Amino acid sequence: MRGLTQPTDTFAYPTLGLDIQKGLDWLQRCRDRGVQYGLGSKVPKHNDETFTKVDCSGAVREMIWLMSGWDIGDGSVQQHEKVKATKFKVSSVPSALANDNIVRIAFLSPANGGGKGHVALIYNGKTLESHGSTGPDRRVWTGAGWQGKTAVYVLGGKL
């Protein structure tokens, strides 16, 4: 089931019904098209693939929408506030190393990131994100460096 599922008597946290393959496919299409990172650059509208640059929050917003139909909004700080307000389960930096088919989201606050925040999805020990000069990409989640300073939440998957 796609979309936001509210807590029940048997599961105390909301979850998203996520089709992770849709996020992975979107990321690959961006790489194939040479999409780059651009601070403040967004996907103009859902399913529009004419953009050439996208920042971290724009990439996460589009992937979550494609995978679940849920609009997380824009901007890593605002997205973090929405995830907290929705009461997704708090996870941990080390748990994101697991190959457990759970999709997590990690937020680096501007205070911890030197004035610039960051957001990334994590699935089976790798990120789905847009970063640096690379743009949309996957990289290994090590839990070290900037990753160790993040707040991590469970969005959905095999729980």
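The points below concern a predicted model and cover its overall build, its nonpolar cores and its charged side chains.

1. Overall build. The protein contains 3 helices and 9 strands. In sequence order these elements run β-β-α-β-β-α-α-β-β-β-β-β. The C-alpha trace spans about 45 × 35 × 25 Å along its principal axes.

2. Packing. Buried residues account for 47% of the 159 residues. Among contacts with a separation of 6 or more, 55% are between residues 24 or more positions apart.

3. Main core. The largest nonpolar core has 30 residues. The members that touch the most other members are Trp26, Met63, Ile64, Ile105, Leu121, Leu128 and Leu155. At least two residues of this core come from each of helix H1 (20-33), H2, strand S5 (102-108), strand S6 (118-123) and strand S9 (151-157). H2 gives the largest share, 7 residues.

4. Methionine 63. Leaving out residues up to four places away in sequence, methionine 63 touches Gly23, Trp26, Leu27, Leu121, Leu128 and Glu129. Trp26, Leu121 and Leu128 are also listed among the core members that touch the most others.

5. Second core. A separate core of 6 residues is also present, and its members include Ala106, Ile122, Trp141 and Val152.

6. The structure has 8 salt bridges. One of them joins the side chains of aspartate 74 and lysine 42, at 3.1 Å from N to O. This pair links distant parts of the chain, 32 residues apart: aspartate 74 sits in the loop between helix H2 (56-68) and helix H3 (76-86), and lysine 42 in the loop between S3 and S4. Aspartate 74 counts as partly exposed because its relative accessibility is 29%. Lysine 42, at 27% relative accessibility, is likewise partly exposed.

7. Glutamate 81 pairs with lysine 84 in a salt bridge whose closest N and O atoms are 3.2 Å apart. The two residues are 3 residues apart in helix H3, so about one helical turn separates them. Glutamate 81 is partly exposed at a relative accessible area of 43%, and lysine 84 is partly exposed at 39%.

8. Salt bridge with a buried partner. The side chains of aspartate 100 and arginine 104 form a salt bridge at 2.9 Å, N to O. Buried or partly exposed: which applies to arginine 104? Arginine 104 counts as buried because its relative accessibility is 5%, under the 20% cut-off. Aspartate 100 has a relative accessible area of 21% and is partly exposed. Elsewhere, salt bridges that share partners connect Lys42, Asp55 and Asp74 into one network.

9. Aspartate 48. This residue lies in the loop between strand S3 (36-37) and strand S4 (53-54). Aspartate 48 is buried but has no salt bridge.

Definitions and conventions: Residues are numbered from 1 along each chain as its sequence is written. This is a predicted model: local features need pLDDT of at least 70, side-chain atom pairs count only at pLDDT 80 or more; totals for chains, interfaces and linings use all residues. Side-chain values use heavy atoms; hydrogens and water are left out. Helices (H or I, at least four residues) and strands (E, at least two) are DSSP runs, numbered from the N terminus. Buried means under 20% relative accessible area, exposed over 50%, partly exposed in between (1.4 Å probe, protein chains only). Lys and Arg count as positive and Asp and Glu as negative; His and the chain ends are not counted. A salt bridge is a side-chain nitrogen of Lys or Arg within 4 Å of a carboxyl oxygen of Asp or Glu. A nonpolar core is a set of buried Ala, Val, Leu, Ile, Met, Phe, Trp, Tyr and Cys residues joined through side-chain atoms within 4.5 Å. Contact means heavy atoms within 4.5 Å.
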